[in-house]
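Colleague: Could you walk me through a model of this kind, feature by feature, with the general idea before the particular case?

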Amino acid sequence: MHKPRMQLLASFDIASLQYLDESGQTTQALPDFATPDTLVSLYRQMTLARMVDDRAVKMQRTGQLGTYPSSLGQEAIGVGVGAAMAKEDVYCPNYRETGALLERGVRIEEIYAIWGGDERGQNYRHVCEDLPLSVPIATQMLHGAGVAFALKYKHEQLGEPIRAAVTSGGDGATSKGDFYEAINLAGDWKLPLVVVINNNQWAISLPRSGQTACKTLAQKAIAAGIPSLQVDGNDVIAVYQAVLEALQLAHEGGGPSMIEAVTYRLCDHTTADDASRYQPQEGVKEAWGREPLRRLRIYLESLGIWGDSQEEELQRELKEMLEEAVRVYRQTPRDKSTAIFDHLYGTLPEAFIEQYQQLQGDS
Amino acid sequence: MAQITLVEAITQALAFEMQRDPKVVVFGEDVGLNGGVFRATDGLQARFGHERVLDTPLAENMIAGIAIGMAVQGLRPVAEFQFMGFIYPGLDQILSHAARYRNRTRGRLSCPIVYRAPYGGGIHAPEHHSESTEALFAHIPGLRLVVPSSPARAYGLLLAAIRDPDPVVFLEPKRIYRAVRQEVVDNGEALPLDRAFVLREGSDITLIAWGALLKETLQVAEQLSTEGIEAEVIDLATLKPLDIHTIIDSLEKTHRCVLIHEAARFCGLGAEVASQINEYAFDLLHAPVQRVTGFDTVMPYYQLEDVYLPGVPRIMTAVREVLEYANGGAA
Ligand SMILES: Cc1ncc(C[n+]2csc(CCOP(=O)(O)OP(=O)(O)O)c2C)c(N)n1
């Protein structure tokens, strides 16, 4: 049979980045930021994220919190992303980002408020201009693109300093149009946007393999014409470094990039889920061998800067902090009834005054 | 003073506000060099540059979504959808996010966005180009929904919409984009939102409509006038939040009411207005409120478009019934 001659028009490679392997061994020279102090601080923040999650799940089980999406096992991504961002950058997160929120300065009691059904938890105006978390999948990535446009615009037209937007989402999010539309536009308009994909292998019960025939999620960026990379999402050093580089590119006017951070969700999808129905137990066991906290601790120990006493001291300090936050959360009275109207519009239109008055005196 | 059309008034308002406020950016499909398929953004890119008047890739959900990111960062995005029939891919972003950011963040972030779309039938367009599904937006808490019905109101209401701190869905009745010319003073003066406009005073019956159908509604009023029946005509203009006071004030004079809209009847806005009249002004009524609407069907291809659209005869029939009910309802 005649075989037509064809020309190769495009080809691509997907690189992967790791500094610290599963056993806590370095696989290459560490980047400059990785001083003992920084590494200890990252370890501290990952430990805190895990404790905040753990406590949230316990509070949910005892009726003190609503449905909660734990980030157990993927703390390196949230903490790495949050730590690498400049304070002035703007984060547009999905809902499973406790570690990143803490890094950004959102208070523990605010995170509990959000999942405890109180919108006031998303009014963290004291720390940053970050967006509230987004529950509909991938929608926040378009907000991120819009924010990135605004930041670029305000820099170029209004003379504001250069800033960038970072948006995150799960592996499931890469199946949605919002994701494609965001990276497509960001590439076309060279927006200062960093897209971080939290590939935790599951979108509720659907494994990563059921989401796409793509070999990597990072390669989806190729179609949008933007650079991408896969990182070991359990290696906080790799996440931090990748985000740092992506942000540098964005800050320098080099446009968007995408990072696929590979990890594994070690918990139920949310407290309303039972992962044992679909997650093979061997897979979970294996994944525990790769989790991010243990490997960094081993490495810190190998440097001689960490041991049982430091660990105990850290646990004590964080527990105290957590208890205080839980106390504040529990003691915060619920918002007044009229609050459901207070922020519906800038000022309450006349048409709603009658309904508003029905609630007055109800508080 | 220049006599301009409704679509020219849109352009003029956009230009005025872009000149006044560097945070206003305009974007959508073909809005740049081409000036929009209806030319609503004609000349803006040449005047304000490619950084402020942007042709987007073809993705409505994206257009709706990036507007949110821009707005929460303090810009004043004005996003154009080519036709209302193509706004649906963006509904998720508009309903789930634009309408909610202020509330979700307890006032920390808000979405001062205008989502513009030409809407309505009567221009012999292909399928999906003639929709009148404004009730979808009217139902959503946190949105404003505005429909101008003349060049002057298009100018003033669009300025108000851009300056409003909350998201506004601004539907432009394309059937009357070029139907009339009117003197519009380009002085940057906005008209109030959330207010209905009394276009014609009368004491015998209140006719309520918005957008393109005010043309037929006013024709009916003129015809009635020759018979000595004076109709009061109200342009709802802001469909949400609804200005029920102006309607009640009118009913105190007329005691009779006909609601006219192009959208399908079921769960259409006429149902809401009738229901509010029932709640607040039942005692004023001398006859049940009647609705003249589109049918509960798909908007037909253009050969049957005139069957679907309410016209003068259907409005007149309803008006006569309401008037006669008062005359001899008991008989
Ligand atoms: C648009 C939309 N559809 C469905 C859901 C329900 N839902 C919540 S989380 C989820 C899976 C998301 O998986 P992924 O994007 O991989 O993120 P992960 O939860 O694993 O972090 C689904 C289907 C939703 N929130 N939004």
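**Reading the ligand site**

Modeller: A polar side-chain atom of A:His269 lies 3.4 Å from an oxygen atom of the ligand, and since this is a predicted model, that distance is a computed value.

Colleague: How many residues surround the ligand, and which are the closest?

Modeller: The ligand is surrounded by 15 residues, and the closest are A:Tyr95, A:Arg96, A:Val135, A:Gly172 and A:Trp202.

Colleague: How should I read the nonpolar cores, and which residues have the most contacts inside the largest one?

Modeller: In soluble globular proteins, nonpolar side chains tend to be buried together. In this model the largest nonpolar core has 86 residues, and B:Tyr115 and B:Leu236 are those with the most contacts inside it. If neighbours within four places in sequence are left aside, the residues in contact with B:Tyr115 include B:Ala64, B:Ile68, B:Phe81, B:Ile94, B:Val168 and B:Phe170. A second, separate core has 66 residues, among them A:Trp115, A:Val127, A:Leu296 and A:Leu300.

Colleague: Where do the domain bounds fall in chain B, and how many residues does each domain bring to the contact?

Modeller: Such bounds come from an automatic or database assignment, and for chain B they give domain 1 as 3-183 and domain 2 as 197-326. The centres of these two domains of chain B, taken over C-alpha atoms, are separated by 26 Å, and their contact takes 28 residues from domain 1 and 25 residues from domain 2.

Colleague: What does the assignment give for chain A?

Modeller: In chain A, domain 1 is written in two segments, 16-25 + 32-332, and domain 2 covers 337-363; between the centres of these domains of chain A, again over C-alpha atoms, there are 36 Å.

Terms used: Residues numbered from 1 in each chain as written. Chains lettered and ligands numbered in written order. Predicted model: local features only at pLDDT ≥ 70, side-chain atom pairs only at ≥ 80, totals over all residues. Heavy atoms only, no water. Core = buried A, V, L, I, M, F, W, Y, C linked by side-chain atoms within 4.5 Å. Buried < 20%, exposed > 50% of the residue type's maximum accessible area, 1.4 Å probe, protein only. Contact = heavy atoms within 4.5 Å. Near = heavy atom within 4 Å. Polar contact = N/O pair within 3.5 Å; in protein donor to acceptor, adjacent residues only side chain to side chain.
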